[in-house]
Protein chains: 2
Amino acid sequence: MMDQVRIIEIQKSVLDNNDQEAERLRKKLKSEKTFLLNLMSSPGAGKTSCILRILEKLKEEMRIGVMEADIDSSIDAERVGRSGVEAIQLHTGGMCHLDAAMTEQGIEQLDTENLDLVILENVGNLVCPAEFDTGAAKNAMILSVPEGDDKPLKYPLMFTVADLVLINKIDCLDYFEFDIEAVKERIRRLNPSAVILEVSARTNEGFDLVADWFRENVKQWNGES
Amino acid sequence: MMDQVRIIEIQKSVLDNNDQEAERLRKKLKSEKTFLLNLMSSPGAGKTSCILRILEKLKEEMRIGVMEADIDSSIDAERVGRSGVEAIQLHTGGMCHLDAAMTEQGIEQLDTENLDLVILENVGNLVCPAEFDTGAAKNAMILSVPEGDDKPLKYPLMFTVADLVLINKIDCLDYFEFDIEAVKERIRRLNPSAVILEVSARTNEGFDLVADWFRENVKQWNGES
């Protein structure tokens with residue numbers, strides 16, 4: 001457990017070929033058997049709360065690190081740090097997303113050779129983060145029930161690039177007008193292979209299946225299945 | 001009432017001096033006595049629902065137009081159009097915000113000389129829209145209760161540029177951990193002059209005060225008070 005989180009001030013990338021940079025980072029992490037997950041969502045959809053639930057399930061069986069990206073504050077890294085998992089805070093200097101070179105500035109601060117899983121919490125934003133390959137092995141995104149079931153119609157790219165979609169805050173499905181079958185259909189139309197799981201970070205519902213998704217993907221990444 | 005909404009495909013700006021362009025647009029609208037409000041928030045905070053409540057209060061006493069900006073879909077402009085108020089849909093071509101030149105492409109499609117108030121619903125995003133002056137007379141932003149009370153800490157610029165902050169979905173204050181006094185204090189620390197109003201687009205609570213804010217600001221814009 002850390003008393004104070006490390007805050008890394010990320011420098012804006014000067015490289016103009018992000019895809020190439022992302023591929024290079026992905027290969028490096030693959031050779032180290034480190035699975036990097038890029039987690040995206042709107043502000044307030046529950047990224048940090050979901051990460052805490054995932055850590056509860058997995059921290060005894062994997063070596064995990066967390067990178068929390070935000071424009072300002074370090075409250076997310078502090079929350080994660082209190083769970084006993086190493087967390088660093090990345091400050092993006094106002095930038096609305098992370099690209100591969102920015103992600104690597106965080107990765108360099110973690111001892112990835114000794115980590116099985118790194119979770120990157122991207123800046124809360126449904127637009128820009130979807131446009132930049134971070135070098136992650138997989139992308140996940142969270143849609144929370146209060147945001148509404150029309151989000152795949154308005155932010156199609158985010159749902160297209162996500163390998164895993166968590167529909168969070170399902171404990172308040174009765175309170176909001178949210179047609180969960182319609183939203184799944186809209187996601188599948190954009191991205192037929194996305195895995196869609198219903199969760200509630202408040203009640204812990206659904207996180208057994210999320211943990212299974214991580215176990216399976218980390219194994220595949222290491223060539224074990 | 002329109003059967004089909006007009007969709008305007010916005011072209012990316014080529015101008016490099018957005019502040020100058022914004023000032024020019026603001027002067028033009030001032031001379032036409034048209035008050036342009038730039039409304040921003042996260043995806044799903046309730047921008048369109050709040051606009052519909054504002055239109056209910058004001059559409060009989062002012063001539064109003066609405067511009068709905070989204071990356072894709074035209075569902076918001078259709079919803080507003082059904083209220084009987086003229087609404088156009090702006091497609092941003094993937095762009096995460098509107099600047100002044102992009103805003104003007106929408107303005108040119110409205111007969112602003114005959115409008116007292118134009119509401120621009122910006123792209124759902126707490127980061128990029130805060131960085132670009134659209135040429136609006138005033139900025140408003142919506143923070144919804146399910147997003148959490150930490151948002152001013154993480155997205156300070158958005159709260160700094162907002163003249164009006166609506167705290168929406170207060171009907172579900174009991175359901176979420178959201179310290180409304182803490183959030184007001186965080187906003188005031190960034191922006192002491194912001195007007196902060198509590199509303200619920202679902203129950204219509206608080207919109208009398210929102211309508212008063214518009215009446216007063218439109219009057220001031222026209223030099224009548």
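How many salt bridges does the rule find across the interface of chain A and chain B? Two, where a salt bridge is a side-chain nitrogen of Lys or Arg within 4 Å of a carboxyl oxygen of Asp or Glu.

This is a predicted model, in which local features need pLDDT of at least 70, side-chain atom pairs count only at pLDDT 80 or more, and totals for chains, interfaces and linings use all residues. Residues are numbered from 1 along each chain as its sequence is written, chains are lettered from A in the order written, and side-chain values use heavy atoms, without hydrogens and water.

**Select A:Lys154 and B:Asp76.** They form a salt bridge. Their closest N and O atoms are 2.8 Å apart.

**Colour the elements.** Helix H3 (75–81) and helix H5 (151–154) of chain A each give two or more residues to the side that touches chain B. Helices here are DSSP runs (H or I, at least four residues), numbered from the N terminus. H5(A) gives the most, with three residues.

**Show both sides of the interface.** Here 32 residues of chain A contact 32 of chain B (heavy atoms within 4.5 Å). The area buried between the chains is about 2,600 Å² (accessible area, 1.4 Å probe, lost on being put together, summed over both). Carbon and sulfur atoms give 58% of that area.

Conventions. Buried area = accessible area lost by both parts, 1.4 Å probe.
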